[in-house]
Amino acid sequence: MIRRTRLTRLGWHFGFVIAFAMLGGAIRGLNLLLVLAAIMVGALITQWRWCTRAAESVDIRRRLPSEAFAGTPFRVRFRLTNHNRFLPLWMLRISDQIVLDDQRNSGRWLKVLGGGTAGPEQRAKAVSGIGVVGGRQTVTPSYICRIADRGSYRFGPVTVSTTFPFSLMKAEAQSDLGQVLDVYPRLLRLRRGWKNVLLQRTGGATVGAHRGGNDEGDFFGLREYHPGDNPKWIHWRTTARLGDLAVRQFEQQRRYDVCLLLDAWYAPDQAMPSVLSGSSSSSKSSGSNWSGRIRTGDDVETAISLAATLLVDLASQPGNRVVFASAGVSSRAMIAGTSFEARRRLFQTLARIQPSAKPPIKQTLDHAVEAVGLPQDLIVASPRSQEDAMNGDPELRDILTMWARRGRIRWLDVTTDTVGGMIVSPDSNSQPSPGTARSGQTAKQFLDTDAAASVGLRKDEA
């Protein structure tokens, strides 16, 4: 830990007054000026001694959350200890640096909504504070952070400073505490019955699902008793109140055996995924229908968010077998498990994936088949249509044709209204809240609207 004490601007002014008083008193023989200079020197020495002891006594540790999602606030906590038995620490300021750790985004900037631009070093600063820490006392200050984009972010160094009691000097204790946090993609809110969209046939293709067997599923409601209903479904309290038998109704669970493929493609003539901060002016491109909204990501980022949302739901049900495959600069395929470690690996892949103008989809699907032994039903989250993907890659047409013979392909193009139909839509007469889509919105437009209320860190092109 680096500890130092330095004069503040007020301290330099104070020192100039001391020098003036001493010089004037010596030349003019004014003892009152010399007494005033001595008192001021005593105050400066007291400030120096207090700051030196404060810097030597403080110790700090940081604790990051186990997971964080883009656009969702999370709390960063510290453990601050005063090792001095007699000296309390007053008016402490904790400053933490946040740096975009992705090398692929070396040309981007970090911006703080409602604040200033961090500059080309891609650094942003989070500040917390505490009034007093008693002798031999440990406290846990914290701050709330909201990062608008997925990626890897490095936290540190963290600096504890104080100018108590006279603000003539500043004592600082800086700890490296370098930690990296993977911020996972922003999650969408899906409409009830969104799985029916996956089961719809488009061009003779569908995604297969099997009933959950003896699993009763999620509670749906109550209805009157019909002959043949299981007696254990009878809701006795309602039966006693109505005088007629009432049974519980369940939403039947379906088991999915699918491969979820993320097509991380972007057009070569377009810039890499970028965002605009709320303090910036909105940019308008030709043919864009985003007028009046804040842009929070392009199509590929929306496809990544959709894939993350589907993974959270499908992989959380023990009866499902889900294989996740991502095609970007590199290809990966892994089995989506229900354990925390499996979830962490999946979302780390989503946080770090790099879009590509030519994603190796064929190679990625081959890895997915190797992971499970046989081809599964295929769900593709993509920023382009299936025809555009096959026209750009002749090999992809062949392998998709093989999968289509089994009638098990569902291509989700995030630029269409089909994906918009999977997103939660509130009452058309009510004002939509953050995280809620309007009826008929595409997934991309949903993210644009949701981010208008976000506060935190963003990446943007320089």
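**Note on strand pairing, aromatic contacts and helices**

1. Strand 5 (residues 89-100) and strand 7 (residues 123-133) pair in the antiparallel sense over ten bridges, where pairing requires that DSSP finds at least two bridges between two strands, and helices (H or I, at least four residues) and strands (E, at least two) are DSSP runs numbered from the N terminus. Within this pairing, Arg 93 has Gly 129 of strand 7 as its bridge partner.

2. The model is predicted, so that local features need pLDDT of at least 70 and side-chain atom pairs count only at pLDDT 80 or more, whereas totals for chains, interfaces and linings use all residues. Residues are numbered from 1 along each chain as its sequence is written, and side-chain values use heavy atoms, with hydrogens and water left out.

3. Strand 5 also pairs with strand 10 (residues 151-162), again in the antiparallel sense, over seven bridges; here the bridge partner of Val 99 is Arg 154 in strand 10.

4. Six aromatic pairs are found in a search of the whole structure, a pair being rings of Phe, Tyr and Trp (its six-membered ring) with centres within 6.5 Å, and with planes under 30 degrees apart called stacked, over 60 edge-to-face and the rest tilted. One of them joins Phe 78 and Tyr 143 in a tilted arrangement, with 5.8 Å centre to centre and 40° between the planes. Because Phe 78 lies in strand 4 (residues 74-82) and Tyr 143 in strand 9 (residues 142-145), the pair ties together parts that are 65 residues apart in sequence. Phe 78 is buried at a relative accessible area of 3%, and Tyr 143 also counts as buried, at 6% (buried means under 20% relative accessible area, exposed over 50%, and partly exposed in between, with a 1.4 Å probe and protein chains only).

5. A single aromatic cluster is formed by Trp 50, Trp 90 and Phe 164.

6. Helix 2 (residues 31-57) has 27 residues and reaches 39 Å from its first C-alpha to its last, close to the 39 Å expected at 1.5 Å a residue, the expected span being 1.5 Å times one less than the number of residues. Its buried residues include Met 40, Leu 44, Gln 47 and Cys 51.

7. Helix 6 (residues 340-352), with 13 residues, reaches 18 Å between its first and last C-alpha, close to the 18 Å expected at 1.5 Å a residue. Among the buried residues of helix 6 are Ala 342, Leu 346, Phe 347 and Leu 350.

8. Val 17, which has its place in helix 1 (residues 9-28), is partly exposed, with a relative accessible area of 39%.
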